[in-house]
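I opened the model to look up its charged side chains. My notes follow in the order in which I made them.

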Amino acid sequence: MTDDSQRNFRSVYYEKVGFRGVEEKKSLEILLKDDPLDIEKLCTFSQRFPLPSMYRALVWKVLLGILPPHHDSHAKVMAYRKDQYSDVLHALTVVRFVNDATPQVEVYLRMYQLESGKLPRSPSFPLEPEDDVFLAIAKAMEEMVEDSVDCYWITRCFVKQLNSKFRDSLPQLPKAFEQYLNLEDSRLLSHLKTCSAVSKLPYDLWFKRCFAGCLPESSLQRYVFSYCIQAAWSLKEFLALMVWDKVVSGSCKILVFVAVEILLTFKMKVMALSSAEKITKFLENIPQDSSDAIVSKAIDLWHKHCGTPVHSA
Amino acid sequence: YLEDVKSQASGQLQAAESRYEAQKKITRVLELEILDLYGRLEKDGRLRKLEEDKAETAE
Amino acid sequence: YLEDVKSQASGQLQAAESRYEAQKKITRVLELEILDLYGRLEKDGRLRKLEEDKAETAE
C-alpha cells in the first residue's frame, strides 16, 4: 500500500464517518420521516453515501420493494412477508428438503427455488451455476442482516434485481470494464490482451456475484477498525456494503469500477504474470494484505467517470 | 391525496398477493411430492410381491 | 368518492386474504397426506428390513 492510497483512503473515511457522517445520518433520518417515503431521494442518498448500518435493512427493504413507501402499511406488509417466509419454510420441511441441520443459506436457496418454481425433484441433485451465485450472495448477506426473515427477503429481491433490472446491463459490464481500464491504464489493458486474458477474467465472480466472497475482509480489520466503531459498522459488512448499497439503489456500474480498481491496485503483480490462467487465478484470490482502499477508490473512480448523483434532499 | 390512498392500498395488496402466490407454489410442490411418494410405495409393493413370489417358487 | 376508493381497496385486500386462507387449507390437507405416505413408506421399509433380518437368521 502506497502512502498516496493510504492518504486517499483516510481522507475519504474521515469525511464519511467524521462530522459529515453525523450530518448524513441526520439527513437520512429526515428522509425516513417522509410519509410516504420518497424512493427516489432514498436512492440518491444511497448512491452518494454509505448507509448507516442501523438504517440499512430498512432502506434496503424499501428500495427493493419489500416494504411499501407508506409507514402505516409497514406492520401489515411485514406480517404478510413473515407469513410467506414461514409458509415456504414449513413446506420445505414437510417434503424433507430441509431439516434442522441444513445450513441457513441453503435453506434460503431452497425457499427461493420453491418460490420461483425451480425446486429440483430431490435435494441431492447437483446445484446449477445460478444456485452458486445465490448461495454466495446469501452468505454475504447473512453476515450483514441479522433477522432471518429480512435476510431471506433481501437476498431474494437482490438476486431478483440482478436477474431482472440488471439482466441487460450485467452482460455489458465486461465491455465497460475494458473501456474504463483503457482510460485509466491502457498499458495494463494491452498486457491483458497480449496474454489473451481479457476474455478469461473472473467476470462471473465480479459481476454476477457482485464480489460476494471475493473481497478479503481480514486486512480491513486492523485498518478500518476505528472507523467502523465510529460509524457503527460491523467489520464484516463494511466492504460489500459500500458496493451493495449502490447496487440495491440501482447502479450496477459500480461493479465495473471495483473491478478496474482491483486491476489498478495489483498492477505490478498482474504485469508480472504472463499467462491468462495465472492472472485469472490471482484475481480470484486477491491477497489479503493490500486491498484496503479498493472500494473507496472505486467509488471515487465511479464518481469521476459517471458524475456524482445529485442529492436533492 | 386520492393517489396516495391508491398507492398505499396497492402496496398492501401486492404483499398479500405474493403471500397467496407462494401458497400456490407450495401446493404444487406438495402435489408432486405426493405423486412421487405413491410411486415409491407402489414400487416397494411390487418389489415385495416379487420377493414373496420368488420365495414361494423356491420353497 | 374517496370513501369509495377506500372500500374498494379493502374489498380487494379481503379477497386476496380469503384466497390465501383457502389455499392454505388445501396445503394442510396435502401435508397430512404426505406425512401419512412417509409413515407408510417407513413402515414398509422397517417391515422389509425385519423380514430380511429374519431370513438371514433362518439361513
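Entry 1, a surface patch. I work here from a predicted model. I looked for clusters of like charge and noted a negative surface patch formed by Glu51(B), Glu52(B), Glu56(B), Glu51(C), Glu52(C) and Glu56(C). I then asked which helices supply at least two residues each to the negative patch. They are helix H1 (2–58) of chain B and helix H1 (2–58) of chain C. Glu56(C) is exposed, because its relative accessible area is 54% and the cut-off for exposed is over 50%.

I checked chain B and found a mean pLDDT of 89, with 98% of its residues at 70 or more. I keep one caution in mind: where pLDDT is low, the predicted coordinates should not be read in detail.

I searched the whole structure and got 15 salt bridges over all chains. I wrote up some of them, in chain A.

I began with Arg110(A), which forms a salt bridge with Glu106(A), the closest N and O atoms lying 3.9 Å apart. Why are Arg110(A) and Glu106(A) separated by about one helical turn? They are four residues apart in helix H6 (residues 104–115) of chain A. I also compared cover: Arg110(A) is buried at 2% relative accessible area, while Glu106(A) is partly exposed at 27%.

Next I took Lys118(A) and Glu130(A), whose side chains meet in a salt bridge of 3.6 Å, N to O. Lys118(A) sits in the loop between H6 and helix H7 (129–144) of chain A and Glu130(A) in helix H7, so this pair ties together parts 12 residues apart in sequence. I noted Glu130(A) as partly exposed, with a relative accessible area of 47%.

I looked up Glu178(A) and found a salt bridge with Lys193(A), with 3.8 Å between the closest N and O atoms. Glu178(A) belongs to helix H9 (residues 173–184) of chain A and Lys193(A) to helix H10 (residues 186–194) of chain A, so the pair ties together parts that are 15 residues apart in sequence. Is Glu178(A) buried or exposed? I get 18% relative accessibility for Glu178(A), which counts as buried. Lys193(A) is partly exposed, at 47%. Finally, I recorded that salt bridges with shared partners join Lys175(A), Glu178(A) and Lys193(A) into one network.

Methods. Residues numbered from 1 in each chain as written. Chains lettered and ligands numbered in written order. Predicted model: local features only at pLDDT ≥ 70, side-chain atom pairs only at ≥ 80, totals over all residues. Heavy atoms only, no water. Patch = residues over 30% accessible without salt bridge, like charges linked within 9 Å, V, L, I, M, F, W, Y side chains within 5 Å. Areas by Shrake-Rupley, 256 points an atom, 1.4 Å probe, with all protein chains shown as cover. Salt bridge = Lys/Arg side-chain N within 4 Å of Asp/Glu carboxyl O. Lys, Arg positive; Asp, Glu negative; His and termini not counted. Charge placed at Lys NZ, Arg CZ, Asp CG, Glu CD. Buried < 20%, exposed > 50% of the residue type's maximum accessible area, 1.4 Å probe, protein only. pLDDT = per-residue confidence, 0-100.
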